[in-house]
Amino acid sequence: MQRIRLRYTKRGRLRFTSHRDFQRAFERALRRAEVPMAYSAGFTPHPKVSYANAAPTGTGSEAEYLEIALTDARDPEKLRLLLDESMPVGLDIIDAVEARTPGLADRLTASVWELRLDGVSPEDAERAVDVFTAAESVEVRRKAKNGIRTFDARGAVASLEALGMRSGTPSEASGPQADRPTDQACAILRLVVRHVTPAVRPDDVLSGLRAVADLAPPVPAAVTRLAQGLFDEETGTVTDPLAPDREAAASSPAPSGDTAVAAAKASA
């Protein structure tokens, strides 16, 4: 059995796609592309697909991950192209590797987010960021299934910075967030959040900015996840979670999956 790990995006209006909607679209793409999926046992078999830390509905993302299990070996890049052609535009399959190391979910320990605040000046955003980062803790409240929950939004934030944007001209540091016009000045926040329990989301950080610095954007923020992976405490960066699989592939150029493909071609 071969396992393939995929990176996909949620762009433009497709950021409003729920995780369940994506699952349905992806399973249709698997059938269209005639992927030799492995299935679970039982009365209602399902394709063996493992999703890892999906972004909330309404947020864009450049870094969503999943893993599929195949009964026959396939070239990861060719499989990626077939699946991408079968997916709606905006739900794009942008990377694929053969799984050669364990624990993909364990390597998703932090996320990099971009928050676009239309109607907020870079100066006001920078002032609010300074107040937030200087605080030892920032309590916020969120509605949960069991009522209102209060927790600290500051502790999970590894870094938070304000990036300026002039009217009509995206900042060079800005990410791929392009679902909104740039006809007014706005602020861009770059946020690195550790994955903790309870989870601290970008909207929790915005609630914290409102609580400690009275920063209240006139319209909802456009939020995009730029990356997620293992957090490097020394550099403060988030590393590529698929890198260990690529390194393993480079050190063993003829793994079992590729050998099976080569054998199949030789016998044809």
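The legends below accompany several views of one predicted model.

Residues are numbered from 1 along each chain as its sequence is written, and side-chain values rest on heavy atoms, with hydrogens and water left out. Because the model is predicted, local features need pLDDT of at least 70 and side-chain atom pairs count only at pLDDT 80 or more, whereas totals for chains, interfaces and linings use all residues.

**Figure 1. The chain as a whole.** The chain holds six helices and 12 strands; helices (H or I, at least four residues) and strands (E, at least two) are DSSP runs, numbered from the N terminus. Of its 268 residues, 43% are buried, where buried means under 20% relative accessible area, exposed over 50%, and partly exposed in between (1.4 Å probe, protein chains only). Among contacts with a separation of 6 or more, 77% join residues 24 or more positions apart, a contact being heavy atoms within 4.5 Å. The chain exposes about 14000 Å², and carbon and sulfur atoms supply 50% of that area; accessible areas come from the Shrake-Rupley method with a 1.4 Å probe, and for residues only the protein chains shown count as cover.

**Figure 2. The largest pocket and its lining.** About 300 Å³ of space lies in this pocket. Its lining comprises 18 residues, and those closest to the pocket centre are D203, L206, P220, A221 and V223. Helix 4 (202–213) and strand 10 (222–229) each supply at least two lining residues, and helix 4 gives the most, with four. By class, the lining has 11 nonpolar, two polar and five charged residues. Pockets are found on a 1 Å grid over the protein atoms alone, as open sets of points where a 1.4 Å probe fits, with protein on both sides within 12 Å along at least five of seven lines; lining residues have an atom within 4 Å of a point. Grid points are joined across faces, edges and corners, and a volume is the space filled by probe spheres set on the points. Ala, Val, Leu, Ile, Met, Phe, Trp, Tyr, Cys and Pro count as nonpolar, Asp, Glu, Lys and Arg as charged, and the others, Gly among them, as polar.

**Figure 3. The second largest pocket and N53.** This pocket has a volume of about 190 Å³. Of its 15 lining residues, N53, W113, A199, V200 and R201 lie nearest the centre. Strand 5 (110–118) and strand 9 (186–194) are the elements that give two or more residues to the lining. The lining divides into nine nonpolar, three polar and three charged residues. N53 is found in the loop between strand 2 and strand 3 (60–70), and its phi is positive, near 55°. With 37% relative accessibility, N53 counts as partly exposed.

**Figure 4. The hairpin of strands 6 and 7.** Strand 6 (residues 139–144) pairs with strand 7 (residues 147–152) in the antiparallel sense over six bridges; two strands pair if DSSP finds at least two bridges between them. The two strands form a hairpin with two residues between them. A144 stands opposite G147 in strand 7.

Figure 5. Most residues other than glycine have a negative phi, and most peptide bonds are trans. The peptide bond from T197 to P198 is cis, with omega near -5°, and P198 is placed in the loop between strand 9 and helix 4. E34 has a positive phi, near 55°. E34 lies in the loop between helix 1 (19–32) and strand 2 (49–52) and is exposed, with a relative accessible area of 67%.
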